[in-house]
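Dear colleague,

I am handing over the structure we spoke about, with the sequence alongside. Please look through it first, and then read the notes below.

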Amino acid sequence: MASRRRQSTQHIDRPVQFYKFIALTFLTLTIILLGVIVFMSTKQAYITVTTKPSPVDISTVLTFGDADVAKKIKHLVVKETFPYSKKFQPTGSKKTQGIATGVVTLHNTSGVKQPLVATTRLLTREGVLFRLKKGVTVPANDTLENVEVYADKEGGDSDIGPSNFSIPGLRENRQKEVYASSDESMSGGLRTVGIVSDDDIEQARETIRALAEKQAKESFAKEYPNMEGVYSVVSLTTSGGVPEGKEVDGFTLDANVEVVGVFYDKDDMRSWAGLQLAKKALDEGEVVRPNDQTDPIVVFDSYDQKTNSATVSVFYDGTVTLSPEHMDLDKTMFFGKTRDEVRRYVISLDHVHTVDVRFQPAWMQHVPHVHDNIRIIVKEVE
């Protein structure tokens, strides 16, 4: 009986030990698996890409007056004529001799009036001779002002300052009672005359052109205050004769100036230019940013009178840089790569300035094969 009880106990102990072994094995495997999971979750790779934007710009031509352009940019073309008449001085000149002229005051300190005929001589103490232009009568005990006189001879010697004059044609005693004086200089004995040249005429035309364009800008701006505009003189016609090559004190240029103004909506132009600039991106991996500090530059080119249309040149600039969504920055591209391999790969991409790779824990040698364990940061150089 004792032998049977012992065999029965041994039979029961074997299954218990077996189940313990299975339980311990499962627990060990679970711990190992949890350790692997914890280890894998702590492996992190941080890749910081610093980009350096490159300049990009567009330079294109638009025709205002074209129906297709009108659908994209609100605009209008206006032409107006401005008449001008302005006097100019020639730049070329030369000295020439002439007859000095001026005015004097005649004095009579006696009680008898004194008639003086035209060409009566007036003589300075220095011996410079002038003559009366017209006959006059000097009242007794009075003066006669602003009497015109002219020099007896041509030349600069007659260009004198304020002086006193005697009248040699009178008796000596009478000369003390009747005489002349001047408070202003005599001039014209030696004078500078202008000579009109081709350059003078062309310069006059350019001056009128600029004045007309300025006037048109002010006039148009009042009519279209909510639009941007560019202006150009498309026609300048002159009338009357200009004394080219002749000696003159000055000349007058009469002109009719046609000015064309091209007006457009600034926001429409900026949007359109921004779209054109965006086309400069080579692919979806590049980001183009317009210059936020300036508006597109619009310059007048030409005008077609038949169609009342105008062409303008449009310039706009911005920057292009690497997009954070670039396919070459997909996390799968870095699986299993070493720190140096990551650097060499990223630095080869366009617009990349620097790249920094950091592993956690630090003793890691390769980028983990888990998306969530890779962090890619893209920023621009400061």
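Not counting residues up to four places away in sequence, Leu-62 touches Val-69, Ile-73, Met-269, Trp-272, Ala-310, Thr-311, Val-312 and Val-314, where contact means heavy atoms within 4.5 Å. Please bear in mind that this is a predicted model, in which local features need pLDDT of at least 70 and side-chain atom pairs count only at pLDDT 80 or more, while totals for chains, interfaces and linings use all residues. Residues are numbered from 1 along each chain as its sequence is written, and side-chain values use heavy atoms, with hydrogens and water left out.

Leu-62 is also among the residues with the most contacts inside the largest nonpolar core, which has 24 residues; such a core is a set of buried Ala, Val, Leu, Ile, Met, Phe, Trp, Tyr and Cys residues joined through side-chain atoms within 4.5 Å, and buried means under 20% relative accessible area, exposed over 50% and partly exposed in between (1.4 Å probe, protein chains only). The elements giving two or more residues to this core include strand S2 (54-64), helix H5 (266-278) and strand S19 (309-322), helices (H or I, at least four residues) and strands (E, at least two) being DSSP runs numbered from the N terminus. S19 gives the most to this core, with five residues. A second, separate core of 21 residues includes Phe-88, Val-196, Val-257 and Val-259.

In helix H6 (residues 339-347), the buried residues are Val-342, Tyr-345 and Val-346. Seen down the helix axis, they fall within an arc of 90° and so line one face of H6, the arc being that of the directions from the axis to the C-beta atoms. Their cover includes S1 and strand S20 (352-360). Thr-48, in strand S1 (residues 44-51), counts as buried because its relative accessibility is 17%.

There are six salt bridges, each a side-chain nitrogen of Lys or Arg within 4 Å of a carboxyl oxygen of Asp or Glu. One of them joins Asp-340 and Arg-343, whose closest N and O atoms are 3.8 Å apart; because these two lie three residues apart in helix H6, about one helical turn separates them. Another joins Arg-270 to Asp-295, with the closest N and O atoms 2.6 Å apart. That pair links distant parts of the chain, with Arg-270 in helix H5 and Asp-295 in the loop between strand S17 (286-290) and S18, 25 residues apart.

With best wishes
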